[in-house]
There are 2 protein chains.
Amino acid sequence: MSTTSPIPGYAHDDPALAASPVTLDDLAKLQAGVLFGPDDQAALKIAGEVLGGQIEQILDVWYGFVGSHPHLLAYFSTPAGEPIGEYLARVRARFGRWIIDTCTRPYDQRWLAYQHEIALRHTREKKNHTDRADSVPDIPLRYLIAFIYPITATIRPFLAADGHDEDQVEAMFQAWFKAVTLQIALWSQPYAGPAW
Amino acid sequence: MSTTSPIPGYAHDDPALAASPVTLDDLAKLQAGVLFGPDDQAALKIAGEVLGGQIEQILDVWYGFVGSHPHLLAYFSTPAGEPIGEYLARVRARFGRWIIDTCTRPYDQRWLAYQHEIALRHTREKKNHTDRADSVPDIPLRYLIAFIYPITATIRPFLAADGHDEDQVEAMFQAWFKAVTLQIALWSQPYAGPAW
């Protein structure tokens, strides 16, 4: 996967992106809550290099997981239950870029703004809009939280594929686990409102 | 820790406990979402034996984590910021029992009912009530989700402490990770309402 070709609906660098309601102070506290620090940032940078050449294989695993569970595939399908190929493909391209961004982007205000946009794209407010998809109106919060497990557990063999030693793979894995948990916490914001 | 002494506010076996709005079918889909199966149940049973003798040490680690982060300790403190010793102690006893229950209880309708009660005890609806604590009114959802990381990552050395071989420790660890993620997904229910 090239990380430079334009990806439909990918808005990280869009200057028109609305600011997140999540502040940098909120983010710092959440990072402390998952023990995310500079060592994790460094480990993710290496992970980005390791994973960068394996994006399609990783997405094959994750899409295989979603595709084999009808109750998950439903969120990429019409209300009648027909999977929407173009919607799956467009999300897939952004999902691949998300892997790279998780590893390489600074977690700053711009990142928070796009995190919030991603969050909204799971909810009634914005799901389907970006891709003009004729799909169900939202993804229940519980499946976002549950997704922490497969998205984390399946990454380890890919992190190990470049022959880094066990300690380095472990450091990359822990950093990835923290980064995924952090992002799901951010994506829960529109679901919980004032109780977020 | 004895698992038979009465624990104030522990209501798993209380026949008056209200049913959960979460159905067994919801639970089965969530379990599939975290790849939780019979092998995990078996691994957790062994984990329960391994962790059972180390409950206080595990709680020392977790309470040390919370206690060292003022923004987390605040949820066990008065609105003015004074930690409430009795509240911390009463929650601690139930938290210890929660470790055992996570490993040994069948995930059935009764378990779902107490999961829902635990969920509510983090929210405005029920936080503080059980312990008549003069604390802040709720715990933000984001910190429940973030807690998946420390509660999972810190358990591995305790799982390894009984000398099981690496494959068995890994199986227990994965099962624990799944079970924690599953429960946080359940505890998010009152926060998200219809979007849960």
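Tutor: Quick definition before we start: a residue lines a pocket if it has an atom within 4 Å of one of the pocket's grid points. And keep in mind that this is a predicted model.

Student: What's the volume of the largest pocket?

Tutor: About 160 Å³.

Student: How do the lining residues divide into nonpolar, polar and charged?

Tutor: The lining has 6 charged residues, plus 2 nonpolar and 2 polar.

Student: Switching to the interface. How many residues of chain A are in contact with chain B?

Tutor: 34 of them, and they touch 34 residues of chain B.

Student: How much area do chain A and chain B bury between them?

Tutor: About 3,100 Å², with 73% of it on carbon and sulfur atoms.

Student: How many residue pairs are in polar contact across the interface?

Tutor: There are 10 between chain A and chain B, counting pairs with both residues at pLDDT 80 or more.

Student: Which elements of chain A give two or more residues to the side that touches chain B?

Tutor: Helix 1 (24–33), helix 7 (141–146), helix 8 (148–153), helix 10 and helix 11 (189–192) of chain A. Helix 10 of chain A gives the most, with 6 residues.

Student: What's the class breakdown on that side of chain A?

Tutor: The side of chain A that touches chain B has 22 nonpolar residues, along with 7 polar and 5 charged.

Student: How many salt bridges cross the interface?

Tutor: The rule finds 2 between chain A and chain B. In one, the side chain of A:Arg142 meets that of B:Asp26 at 3.9 Å, N to O. Another salt bridge joins B:Arg142 and A:Asp26, with the closest N and O atoms 4.0 Å apart.

Student: Where do B:Arg142 and A:Asp26 sit?

Tutor: B:Arg142 is in helix 7 (residues 141–146) of chain B, and A:Asp26 is in helix 1 of chain A, so to speak a pair that crosses between chains.

Student: Last one: how many salt bridges over all chains?

Tutor: The structure holds 28.

Notes:
Residues are numbered from 1 along each chain as its sequence is written. Chains are lettered from A and ligands numbered from 1 in the order in which they are written. This is a predicted model: local features need pLDDT of at least 70, side-chain atom pairs count only at pLDDT 80 or more; totals for chains, interfaces and linings use all residues. Side-chain values use heavy atoms; hydrogens and water are left out. On a 1 Å grid over the protein atoms alone, a cavity is a set of points where a 1.4 Å probe fits but cannot get out, and a pocket is an open set with protein on both sides within 12 Å along at least five of seven lines; lining residues have an atom within 4 Å of a point. Grid points are joined across faces, edges and corners, and a volume is the space filled by probe spheres set on the points. Ala, Val, Leu, Ile, Met, Phe, Trp, Tyr, Cys and Pro count as nonpolar, Asp, Glu, Lys and Arg as charged, and the others, Gly among them, as polar. Contact means heavy atoms within 4.5 Å. Buried area is the accessible area (1.4 Å probe) that two parts lose on being put together, summed over both. A polar contact is a pair of N or O atoms within 3.5 Å; within protein, one must be able to donate a hydrogen and the other to accept it, and residues adjacent in sequence count only if both atoms are side-chain atoms. Helices (H or I, at least four residues) and strands (E, at least two) are DSSP runs, numbered from the N terminus.
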